[in-house]
Amino acid sequence: MKSQNALLILTSLALLASCSGNQPSSTSSAVSSSSVSSASSTTTEESQKQDITEEKTSSEIKISSEEKAESKEESIDSIEEISSESEESDYVLDVKIASPTGAPAAALYKFIDQSLDDYNPMVDINAVASNVIAHLIPNSTKDIVIAPTNAGVNAIMKKSAPFKMAATITFGNFYLAATGNDENKTLDPDDYVVAFQQNNVPDKIFRYVYENLTNVHYVPEASDAAKVLISGKNETDDNHSVDYVLVAEPAMTPALSKNANAYQYASMSEEYSKKSDGKSIMQASVFVNANSDTDKIDAFLGELEKDINAFVANPSVIDEQVEALGEDVMKSKIGVPSTAVLKAVTQRGNRMGLGYKDAFQNKDDIATFLTLFNIEVNEEIYYK
């Protein structure tokens, strides 16, 4: 398809070049006629003939110019049409992917139908992060693994996983939400706070931003934190009243809708940026298998970047998959109803932190982020 389009473009360019060449022969005729008339203009009849000849030649030149302009416009239109057609994706997924649920799975919205094979899916979406990270091994059968940045880099550096970091696709979907129980509505060091995934990415970011908190309690996952936000109580601590909860999108939006007193208190991405001199949270990244076909890898990365940009610009593109696969399937893969995903992106402004940044080109942000985990990296980890 690409070679055919290129041939058509070259043909059109050749036509365009031929149209913008020398003036038609009628111009030469006009010059010749004018010269002859000047030399032999001795009678009125000859003068009239000259006028007629010049009018005819002028008309021919005008027609020729108009034809040339029309031909040029047709060529440009043809090129634009071919270019437009080449932008339409005919991509067919031919790499095997492992991804966690949540924002990374939402980034794969166009390929969720490829995850429905129970035995050998092209896209393996798992709710347990450790099951995804387990694919970052020397003999991995996956071409692409989307994982927490720190976990992927650790696998490369400490477990000799033959993977390279290609891009980051989530830049912080963590938020501190107030339950409505704090009377002064200000986060104080001794306020009762619930966070999730102790000592993992959410907690590391949270502790980096808020170093002075003394009353932090933990639940296992983001879904558990969302339940705390809804109830305002910590069931794992005798239903203790909770002031603030660390939560993640897309789980936060539906939780806020179920607690009339709850509200977003702070964005971890914004607070992290303030404290790190403008750096971004390089949260979840795409790791590519160095043993896989680079042409296939590059094609997928290009498609993924385009899909993410399209989703951020117009989240309703996910509706096609919802209609085709059903809400239950989409919820099981992304982790929350698709309506919550749409609200998190549209009504609240890309709260899922989706995007696409080349890893090597943003290595300073990655290095800063990895210091939270006491990880030092070299350029060998990057896919270039």
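This is a predicted model: local features need pLDDT of at least 70, side-chain atom pairs count only at pLDDT 80 or more; totals for chains, interfaces and linings use all residues.
Buried means under 20% relative accessible area, exposed means over 50%, and partly exposed lies in between, with a 1.4 Å probe and protein chains only. By that rule, E303 is buried at 8%.

Residues are numbered from 1 along each chain as its sequence is written, and side-chain values use heavy atoms, without hydrogens or water.

The overall picture. The protein chain has 384 residues, and 43% of them count as buried. There are 15 helices and 13 strands. These are DSSP runs numbered from the N terminus: helices are H or I with at least four residues, strands E with at least two.

On to charges. Side chains of opposite charge can pair when their charged atoms come close. I call it a salt bridge when a side-chain nitrogen of Lys or Arg is within 4 Å of a carboxyl oxygen of Asp or Glu. The whole structure has 7.

Take K110 and D307. Their closest N and O atoms are 3.4 Å apart. K110 sits in the loop between α4 and β2, D307 in helix α11, 197 residues apart. K110 is partly exposed at 34%, while D307 is buried at 3%.

Next, K306 and E303. This salt bridge also has its closest N and O atoms at 3.4 Å. Both residues lie in helix α11, 3 residues apart, about one turn. K306 is partly exposed at 33%.

Put together, K110, E303, K306 and D307 are linked in a network of salt bridges.
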